[in-house]
Amino acid sequence: MPLHAKHIGWSRGGHLVLDGVTVEPCVGETIGLLGPNGSGKSSLLSVLAGVHRPDSGRVFLDDTDIGSLRRRQIARRVATVEQQVDTEVDITVFDVVGLGRIPHRGTFGGDDAADAAAIEQALRHTGMLEHRHRRWHTLSGGERQRVQIARALAQEPDELLLDEPTNHLDISHQLELLALVSELPMTSYVALHDLNLAAMFCDRVVVLACGSVVALGTPAEVITEELVEHVYEVLAQVTVDDGIPQINYRRAVSTRIAGSRPRH
């Protein structure tokens, strides 16, 4: 079974961040993590990655408690892509992607041929092979995100965790990046703000509010007008086209004026 969480509870600074969260994806699924700011999406990704140990519940990789594994063991199976990554060192695209091979290197180095093959395959898969000699600081935001995904793929993981990967990208790059992620032959967790993007590219979605799961299922099952109003405090019109919900936002509930009529 892929990376999954059972009854996760986790507090930080005396504040309950995750409360009884269970997520059990099928192999190869793209799972969208949805919810407003502070709902626990990034924290859940950190716990899934083994960065934080839960106070209660457990995270499993196959049938093994991830808490019993070493960081290198986890890194060989689980790759993460953060919101935005930058560096003052102006290294090449090839070198950035090569960082993904670190978990496979031992005290005396690794298999250079295997490393080179994994890096080239990752660059080709993300459409960045011809840019391998470019410098990091010459890349656009969308190109940098593709390179970060290539770096994650070079790890040759079974699981991929992405935290708001479309932040600061234009619409074209958002669509390209999520199409790429949804087609990868691995199980992916993707924290997203945009419900329309989640509806388009995720097999199932988990909606969090105040650290708890309030809905879980396919986008068509979960993303409803009632849920958007309850969780996001926004009035919206939700229509379903070919099984994919489309959300048309109207206004925040807090701005509702007594006696006013909604805009159409």
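Trainee: Is Arg-146 buried or exposed?
Mentor: First, this is a predicted model, where local features need pLDDT of at least 70, side-chain atom pairs count only at pLDDT 80 or more, and totals for chains, interfaces and linings use all residues. Numbering starts from 1 along each chain as its sequence is written, and side-chain values use heavy atoms, with hydrogens and water left out. The cut-offs are under 20% relative accessible area for buried, over 50% for exposed, and partly exposed in between (1.4 Å probe, protein chains only). Arg-146 has a relative accessible area of 17%, so the word is buried.

Trainee: Which helix holds Arg-146, and what is Arg-146 in contact with, leaving aside neighbours within four places in sequence?
Mentor: Helices here are DSSP runs (H or I, at least four residues) and strands are E runs of at least two, numbered from the N terminus. On that numbering, Arg-146 sits in helix H5. With contact meaning heavy atoms within 4.5 Å, the partners of Arg-146 are Thr-126, Gly-127, Met-128, Glu-176 and Leu-180.

Trainee: How is H5 oriented relative to H6?
Mentor: Axes are lines fitted to C-alpha atoms, for helices over the stretch in contact, with angles from 0 to 180 degrees between N-to-C directions. The axes of H5 (residues 141-154) and H6 (residues 171-183) come within 10 Å and cross at roughly 10°. Angles under 35 degrees count as roughly parallel, over 145 as roughly antiparallel, 65 to 115 as roughly perpendicular and the rest as oblique. That makes the answer for H5 and H6 roughly parallel.

Trainee: Which residues of H5 and H6 make that contact, and what classes are they?
Mentor: H5 puts in Gly-142, Gln-145, Arg-146 and Ile-149, while H6 brings His-173, Glu-176, Leu-177, Leu-180 and Val-181. For the classes, Ala, Val, Leu, Ile, Met, Phe, Trp, Tyr, Cys and Pro count as nonpolar, Asp, Glu, Lys and Arg as charged, and the others, Gly among them, as polar. The tally for the contact of H5 with H6 is four nonpolar, three polar and two charged residues.

Trainee: In the largest nonpolar core, which residues touch the most other members?
Mentor: A nonpolar core is a set of buried Ala, Val, Leu, Ile, Met, Phe, Trp, Tyr and Cys residues joined through side-chain atoms within 4.5 Å. The largest one has 48 residues, and its largest share, six residues, comes from H5. The members you want are Leu-34, Val-97, Val-147, Ile-149 and Leu-160.

Trainee: Where is Tyr-189 found, and is it buried or exposed?
Mentor: Tyr-189 belongs to another core of 25 residues that lies apart from the largest one. Its contacts beyond four places in sequence include Leu-48, Leu-160 and Leu-162. Tyr-189 is found in strand S8 (residues 187-191), and with a relative accessible area of 0% it is buried.

Trainee: How many residues of helix H1 are buried?
Mentor: H1 covers residues 41-48. The buried ones are Lys-41, Ser-43, Leu-44, Leu-45, Val-47 and Leu-48. H1 is largely enclosed by the rest of the structure, because the buried count is six of the eight residues.

Trainee: What residue stands opposite Phe-60 in S5?
Mentor: S4 and S5 run antiparallel and are joined by two bridges. They form a hairpin with two residues between them, and Asp-62 in the turn has a positive phi of about 60°. Opposite Phe-60 you'll find Asp-65.

Conventions:
Two strands pair if DSSP finds at least two bridges between them.
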